[in-house]
Each structure stands twice: as structure tokens, then as C-alpha cells.
Amino acid sequence: MQGESVLVAGLIEACRVTIAANRDHLCELDREIGDGDHGTNMQRGCEAVSAEEKDLARLPLPDALEKIGLTLVMNIGGAAGPLYGTLLMEMGRKLRNRDREEEFPVVLKQAIDAVARRGRAHAGDKTLLDVLYPVHDALAQRSPLTDVARRAELSADLTAPMKAMRGRASYLGDRSIGHVDPGASSCALLTTAICRYLQENYPE
Amino acid sequence: MSEKTANVGIVIVSHSPLVAQGIADMVRQMVGDCVPLAWSGGNVRGELGTDAGGILRAIEAAWSDAGVAIFVDLGGAETNSEMAIEMLGSPRSKFVSICNAPLVEGAVIAAAEASGGASLAKVVATAEELSP
């Protein structure tokens with residue numbers, strides 16, 4: 001329990017820091033193909049989670065994840081809120097109810113599928129799913145965390161040649177091609193921050 | 001307030017508080033007080049955006065046992081409305097529909113239909129006839 005509370009607090013802070021450092025970059029990406037507020041929206045969500053960090057760290061991990069998800073939904077203020085929120089809420093719910101045999105990648109996959117349903121999106125639609133699915137694959141293959149992070153960053157870059165099929169970028173049609181998706185980018189940044197934190201504090 | 005009326009409630013969700021309030025004004029002008037009506041516009045800070053908590057409160061405010069029809073502008077408004085309906089919880093969530101209809105025309109025509117005592121299904125169908 002003590003260990004979990006340190007983990008939750010550490011991950012919250014690692015995510016907050018990386019989003020704050022990349023806020024302007026994420027807004028810049030979003031200005032190209034969206035409404036330009038993805039960085040500020042994500043920062044607002046992360047700050048709200050940070051404000052609850054002490055309470056969250058006292059909760060069992062599944063409850064903490066579910067509550068973080070709800071806080072993101074209530075504070076991000078764009079489609080990213082329900083998407084990231086669903087990811088974390090579902091992870092929390094699945095972790096709480098999982099069979100003892102079930103490993104984390106199985107739980108993550110179920111949560112990613114819930115995000116896909118929420119956004120009515122598929123792989124290749126130029127969304128954060130285009131990072132989440134490869135991250136899941138890397139984890140399922142038991143790749144080292146450095147490789148998971150690298151896979152996330154590469155996958156975000158690979159959204160550039162895609163044509164947006166969901167969200168506001170889809171209104172641009174072919175003109176969305178050539179730009180990295182902001183949601184995929186924030187997802188890669190968060191993945192990298194999480195991997196780095198785990199490597200530094202929980203060496204494999 | 002809404003428990004006294006049997007008419008379907010209307011909720012308007014826009015990224016812009018000005019748009020949401022303006023449409024609510026137009027609906028009110030059309031049907032007066034006989035239709036429960038509420039809006040949510042902007043994010044938690046009142047900037048352009050959407051707010052799942054605010055949408056949830058709007059659904060509660062426009063609640064009618066006959067159900068509630070929600071009108072949304074762009075993507076995030078729809079996704080956050082779905083989230084708000086989930087948070088509303090069962091069984092009330094079954095009596096809330098997001099209309100696939102133009103925001104202004106849809107809300108006004110739906111309110112007109114609701115003011116005549118039409119069912120939620122009829123209100124939604126009438127508004128959705130406007131969609132191409």
C-alpha cells in the first residue's frame with residue numbers, strides 16, 4: 001500500500017511535468033489541424049489531478065486510477081477529457097475486477113478498446129489510439145521500457161502521413177496529412193514520462 | 001421544476017457559452033416556460049470548450065420524466081455529453097438522447113415538438129429529419 005501510494009504520486013508528478021514542459025508544443029500541433037487548445041487542456045487536467053495527489057495516493061491503485069480518470073473528464077474540457085478519462089477509469093475498473101492470472105497488458109487492452117468505442121475510432125484514424133495500440137503491443141511482447149517509450153514516440157510521428165478520420169482535424173480532409181496528431185503526441189509524451197519514471201525508480 | 005411537466009426537456013451544448021445561451025434564448029422565445037431547458041457552454045473556466053460536469057448539471061436542470069434531448073455542436077461536445085449521460089447513471093441515462101441535428105434549427109424545432117407533449121422518440125426524430 002505504501003509502495004503504491006509513492007508510485008501513484010510519482011507518476012502523477014511525472015505526467016504533470018512533461019505536459020507542462022510541452023504545453024506550447026501541443027497547442028502548436030493542435031493549431032495546425034484543430035482548435036489549438038490541446039496543450040492548455042491537458043495541462044488543466046494534469047494540474048487538477050496534481051491538486052488531488054495527496055488524496056489519490058491514499059487510495060488503492062484501481063480506485064486511484066478511476067478517480068484520476070474522472071478528474072481528467074471533469075477538467076480537460078475537450079474530447080481528450082472523455083478519451084483519457086475513459087482509459088484510466090476502465091483501467092481502474094478492470095484492475096479491480098481482474099482475475100489474478102490476468103496481466104497488465106490484458107487490462108490495458110480492454111481499456112484501450114473502451115477508448116476506441118468512446119471515440120468511435122480505429123487504428124489508423126490519426127488519434128491517440130495510434131500510440132496506445134503500439135504501446136500495448138510492446139508491453140505484451142515484454143519489451144524493455146526504453147523500447148516501449150521509443151515505440152510510442154515513433155508511433156506518434158507515424159500519425160503525420162495519416163489522414164484524420166475523427167475529431168476536428170477530420171474537417172480538413174487531406175489537408176490533415178503531414179501533421180502529427182496532437183492527441184497521439186501527448187499520449188507519447190505521457191508514455192515516455194511514465195516509462196522513464198518507472199525505469200529510474202523501479203529498475204527492472 | 002421539471003417534475004411537474006410531462007414535456008421532454010431540452011439541453012443545448014456548445015463550445016461557446018454565447019452560442020449556447022443565444023440558442024437557449026431563441027428556444028425560450030419559441031416555447032416559453034412549458035419546456036424544461038438548460039444549456040452548457042465552454043469549459044470549466046468559461047473559455048471555449050466543453051465541460052462534462054456542466055453538461056451533467058444542465059441535464060439535471062432540464063430533467064423531465066419524459067426524457068431529455070441534447071443538442072451539441074462539435075466533436076468534444078458530443079463525447080462529453082455521452083460521458084455526462086453515463087455519469088447521470090441508470091435508469092435516468094436511458095431517457096436521454098443526443099440528437100444528430102443542426103444545433104439551432106434542431107433545438108428550436110425539438111422544443112416546439114416537445115411543447116406539444118410529444119414523446120422523446122418523436123422529439124428526436126423530428127429534429128433529426130433536419131439532418132442531410
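Colleague: Which residues of α8(A) do the residues of α7(A) meet?

Modeller: This is a predicted model, in which local features need pLDDT of at least 70 and side-chain atom pairs count only at pLDDT 80 or more, while totals for chains, interfaces and linings use all residues. Residues are numbered from 1 along each chain as its sequence is written, with chains lettered from A and ligands numbered from 1 in the order in which they are written. Taking contact as C-beta atoms, placed from the backbone, within 7 Å, Phe104(A), Pro105(A), Leu108(A), Lys109(A), Ile112(A), Val115(A) and Ala116(A) of α7(A) meet, in α8(A), Leu129(A), Leu132(A), Tyr133(A), His136(A), Leu139(A) and Ala140(A).

Colleague: Are α7(A) and α8(A) roughly parallel or roughly antiparallel?

Modeller: The axes, lines fitted to C-alpha atoms over the stretch in contact, with angles between N-to-C directions running from 0 to 180 degrees, come within 9 Å and cross at roughly 165 degrees for α7 (residues 104-119) and α8 (residues 129-140) of chain A. With angles over 145 degrees counted as such, α7(A) and α8(A) are therefore roughly antiparallel.

Colleague: Which strands stand at the edges of the sheet in chain B?

Modeller: Strands are DSSP runs of E with at least two residues, and helices runs of H or I with at least four; two strands pair if DSSP finds at least two bridges between them. The open sheet of four strands has parallel pairing and the order β2-β1-β3-β4 (chain B). Each edge strand has a single partner, so one side of it is left without a neighbour in the sheet, and these strands are β2 (37-41) and β4 (96-99) of chain B.

Note on methods: Angles under 35 degrees count as roughly parallel, over 145 as roughly antiparallel, 65 to 115 as roughly perpendicular and the rest as oblique. Two residues are in contact if their C-beta atoms, placed from the backbone, lie within 7 Å.
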